[in-house]
Amino acid sequence: MVTRCGFIKRLNKLFDYKSFNPYIYGEPNHFPMFKSRLTLFLIAIVFSANLASAQSKKSASGDTVKIMPKSEWKGVEGRPYKQHVPIKITVHHEGGKVLTKNDDAKQRLKNIQTWGMGPDRKWADVPYHLLIAPNGTVYEGRNPLTVGETNTEYDPTGHLLICFLGNYSQQKLDEKLLKVLVNLLADQCIKYNISAKEISTHRDHSQQTTCPGEDIYSYFKSGYIVKEVRKMLKRRNFNN
Ligand SMILES: [Zn+2]
C-alpha cells in the first residue's frame with residue numbers, strides 16, 4: 001500500500017523536487033538548470049558581448065544629431081537640380097550678419113532660401129545641405145543628393161555642405177557647437193561612407209573666400225576637428 005507520504009517521496013524522486021523547491025530544503029537555488037556559478041558567469045559574458053555588439057551596430061548606423069526637417073523653418077521644396085553622391089564634407093559659415101542664440105535662426109534660414117531662389121541667384125534651393133544655428137539646432141537644407149551652390153570658383157559636386165548660420169569671423173563657436181559639429185560630421189561620414197580625411201572647409205577649396213570665418217577655421221587648422229571626428233568614428237566602429 002502506498003501511503004500519502006510514500007507517494008510524495010516518489011513524486012519528489014521523479015521530478016527532483018528539491019531542485020524546484022529550494023525553500024523546503026533551505027539552500028536557495030533559483031536557477032536549478034544552471035549547475036554552477038561558472039555556467040552563469042559564461043552566460044553573462046556571452047549575453048553582454050551580444051548586447052555590446054548590437055549597441056555598436058546601432059550607434060554606427062544611426063544619426064546621433066537630430067536634424068530638424070525643412071517644415072520647421074517653413075522652407076519650400078527645392079527645384080530639380082544636378083544629382084550627386086557626397087564623397088567629401090565641406091564646412092561653411094553664412095558670413096553675413098552675426099546671429100546670436102536669441103535671434104530667430106529659422107527666419108534667417110527662410111530668408112536665405114527666399115534670396116537664393118529669387119532673381120539674385122536663381123538657385124534651386126538654399127545653397128547648403130545642413131545648417132547649424134547658434135543654439136546647436138541642426139536644420140535640413142537642400143537635398144544632400146543634389147549638388148550645392150557656391151559664390152566662388154570651386155565645383156561643389158560631391159561635397160556635402162554644412163553651414164553655420166551667422167558670421168564666425170565675428171562670433172565664436174562654444175563647446176556645445178563644437179560637439180554638435182563633431183557628432184554631425186561623424187554621422188555624415190558613416191551615412192555616406194566618407195573618410196575623416198575628406199573633411200575640410202570652404203577656404204581649402206577656394207582662393208576667393210575666408211569662409212568659414214577665422215574662429216571655425218582655427219579648429220580645422222589645428223587639426224582638432226578631424227582628430228575628434230576620427231576618435232568618434234573609432235568609438236562607433238567605423239574605420240575608413
Ligand atoms: Zn563658404
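User: Which residues of α5 are buried?

Analyst: Happy to start there, with one reminder: this is a predicted model. The buried residues of α5 are Ala-105, Leu-109, Ile-112 and Gln-113. They span an arc of only 95° around the axis, which places them on the same side of α5. What they pack against is β3 (130–132) and β4 (138–140). As for the helix itself, α5 covers residues 105–117, and its 13 residues reach 18 Å from first C-alpha to last, close to the 18 Å expected at 1.5 Å a residue.

User: Where do the buried residues of α8 fall, seen down its axis?

Analyst: Begin with the list: Ile-225, Val-229, Arg-230 and Met-232 are the buried residues of α8. Seen down the axis, they fall within an arc of 165°, so they line one face of the helix. The face turned away from that buried side carries the exposed residues Lys-234 and Arg-235. Among the elements covering the buried residues of α8 are α6, β6 (199–201) and α7. Just after α8, Asn-237 takes a positive phi of about 60°.

User: How does the span of α8 agree with its number of residues?

Analyst: At 1.5 Å a residue, the 12 residues of α8 should span 16 Å, and the end C-alpha atoms lie 17 Å apart, which agrees.

User: Now the sheet. What is the order of its strands?

Analyst: The sheet is open, with 6 strands in the order β1-β4-β3-β5-β2-β6 and mixed pairing. β1 (67–68) and β6 stand at the edges with a single partner strand each, so one side of each has no neighbour in the sheet. Now walk through some of the pairs. β3 and β5 run parallel and are joined by 3 bridges, and Leu-130 has Ile-162 in β5 as its bridge partner. β2 and β5 also pair in the parallel sense, over 6 bridges. Thr-90 makes a handy landmark: it stands opposite Leu-161 in β5, and its bridge partner in β6 is Ser-200.

User: Which way do the residues of β5 point?

Analyst: In a regular strand the side chains alternate between the two faces of the sheet. In β5, His-159, Leu-161 and Cys-163 point one way, while Leu-160, Ile-162 and Phe-164 point the other way, and all are buried.

User: How many residues does the largest nonpolar core have?

Analyst: In soluble globular proteins, nonpolar side chains tend to be buried together. Here the largest nonpolar core has 42 residues, and those with the most contacts inside it are Ile-132, Ile-162, Leu-165, Leu-185 and Val-229. Elements giving two or more residues to this core include β2 (88–93), α5, β5 (159–164) and α8 (224–235). α6 gives the most, with 9 residues. For a closer look, take Val-229: leaving aside neighbours within four places in sequence, Val-229 is in contact with Val-182, Leu-185, Ala-186, Cys-189, Ala-196 and Ile-199.

User: Finally, is Thr-100 buried or exposed?

Analyst: Thr-100 has 10 others within 10 Å, so Thr-100 is exposed. You will find Thr-100 in the loop between β2 and α5. The C-alpha atoms of Thr-100 and Asn-167 are separated by 9.7 Å, although these residues are 67 residues apart along the chain.

Technical notes: Residues are numbered from 1 along each chain as its sequence is written. This is a predicted model: local features need pLDDT of at least 70, side-chain atom pairs count only at pLDDT 80 or more; totals for chains, interfaces and linings use all residues. Helices (H or I, at least four residues) and strands (E, at least two) are DSSP runs, numbered from the N terminus. The expected span of a helix is 1.5 Å times one less than its number of residues. A residue is buried if 20 or more other C-beta atoms lie within 10 Å of its own, exposed if 12 or fewer, and partly exposed in between; C-beta atoms are placed from the backbone. The arc is that of the directions from the helix axis to the C-beta atoms. Two residues are in contact if their C-beta atoms, placed from the backbone, lie within 7 Å. A nonpolar core is a set of buried Ala, Val, Leu, Ile, Met, Phe, Trp, Tyr and Cys residues joined through C-beta atoms within 7 Å. Two strands pair if DSSP finds at least two bridges between them.
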